[in-house]
Amino acid sequence: AAHAAGFTGTKLNTVVLRDVNDDELVELLAFARERALEVRFIEYMDVGGATGWSARTVVPRAEIRARIEAELGPSEPDPEGDPHAPAERFVLADGTRFGIIASTTAPFCSACDRARLTADGLFYTCLYAPIGTDLRSALRAGAAHDELAARILGLWRERTDRGAEERLALAEHRRPAESDALRSDPHLEMHTRGG
């Protein structure tokens with residue numbers, strides 16, 4: 001439907017989980033190639049806690065790429081890739097492009113340029129941030145475009161978030177949020193932040 005509507009450059013995001021869909025990488029690439037999509041393979045992230053994340057289920061970037069190359073031949077870094085994007089892009093000999101987002105095993109917090117705005121108006125400067133900033137109230141109170149832009153810019157410039165890097169440095173991964181906290185604040189889960 002997106003293609004029929006004239007959209008180009010559509011990406012197909014897929015979180016790769018060991019023993020769940022890690023045997024479908026080549027099939028996903030074929031599906032995407034037939035539909036002029038570009039796959040983004042994403043390492044499973046431990047945001048929130050309701051999913052029961054385990055390091056065992058993470059399929060690292062190097063393994064994803066090696067599995068693809070074992071069946072489809074070597075890939076090269078994509079010369080058209082955006083160095084500021086979260087995905088490291090590769091191209092196969094037949095021209096098929098794919099990206100890998102290695103935010104679990106190779107976090108890129110210091111270069112991250114991604115913020116999230118929830119459906120109810122909370123602005124997060126990091127997927128791992130424990131709290132967001134309410135922009136909806138300011139908007140509903142009549143804040144001017146310039147005022148909102150200045151507020152967002154100020155929040156971004158002052159951010160010190162390094163959530164993925166901090167998680168990687170932990171000797172033991174534990175749930176970022178316990179069940180009671182998740183029930184009282186559903187914004188602690190990635191799916192509520194547009195992750």
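## Overall make-up

The chain contains six helices and eight strands. Helices (H or I, at least four residues) and strands (E, at least two) are DSSP runs, numbered from the N terminus. Read from the N terminus on, the order of elements is β-α-β-α-β-β-β-β-β-β-α-α-α-α.

This is a predicted model, in which local features need pLDDT of at least 70, side-chain atom pairs count only at pLDDT 80 or more, and totals for chains, interfaces and linings use all residues. Residues are numbered from 1 along each chain as its sequence is written, and side-chain values use heavy atoms, with hydrogens and water left out.

## Confidence

pLDDT is the predictor's confidence in each residue, from 0 to 100. The chain averages 86, and 84% of the residues score at least 70. Where pLDDT is low, the predicted coordinates should not be read in detail.

## Burial and contacts

Of the 195 residues in the chain, 37% are buried; buried means under 20% relative accessible area, exposed over 50%, and partly exposed in between (1.4 Å probe, protein chains only). Contact means heavy atoms within 4.5 Å. Among contacts in the chain with a separation of 6 or more, 60% are between residues 24 or more positions apart.

## Nonpolar cores

A nonpolar core is a set of buried Ala, Val, Leu, Ile, Met, Phe, Trp, Tyr and Cys residues joined through side-chain atoms within 4.5 Å. The largest has 14 residues, of which Leu29, Phe41, Ile64, Ile68 and Phe98 touch the most other members. Two or more residues each come from helix H1 (25–34), S2, H2, strand S4 (88–92) and S5. H1 gives the most, with four residues. A second, separate core has nine residues, including Cys126, Leu127, Tyr128 and Ala164.

## Aromatic rings

There are two aromatic pairs in the structure. Rings of Phe, Tyr and Trp (its six-membered ring) pair if their centres lie within 6.5 Å; planes under 30 degrees apart count as stacked, over 60 as edge-to-face and the rest as tilted. Phenylalanine 41 and phenylalanine 98 form an edge-to-face pair, 6.2 Å centre to centre with 65° between the planes. This pair links distant parts of the chain, 57 residues apart: phenylalanine 41 is in strand S2 (residues 38–43) and phenylalanine 98 in strand S5 (residues 97–101). Both residues are buried. Ring pairs join Phe41, Phe90 and Phe98 into a cluster. Beyond four places in sequence, phenylalanine 98 touches residues including Leu29, Ile68, Ser75 and Leu92.

Elsewhere, the charged end of arginine 159 sits over the ring of tryptophan 156, 4.2 Å from its centre. That label requires NZ of Lys or CZ of Arg within 6 Å of the ring centre and within 35 degrees of the ring normal.

## The S6-S7-S8 sheet

Three strands form an open sheet in the order S6-S7-S8, with antiparallel pairing. Two strands pair if DSSP finds at least two bridges between them. Strand S6 (116–117) and strand S8 (133–134) are the edge strands, each pairing on one side only. S6 is joined to strand S7 (residues 122–124) by two bridges. Leucine 117 has phenylalanine 123 in S7 as its bridge partner.

## Threonine 104

Threonine 104 lies in the loop between S5 and S6. With a relative accessible area of 13%, threonine 104 counts as buried. Its contacts, leaving aside neighbours within four places in sequence, are Glu43, Tyr44, Met45, Trp53, Val58 and Leu168.
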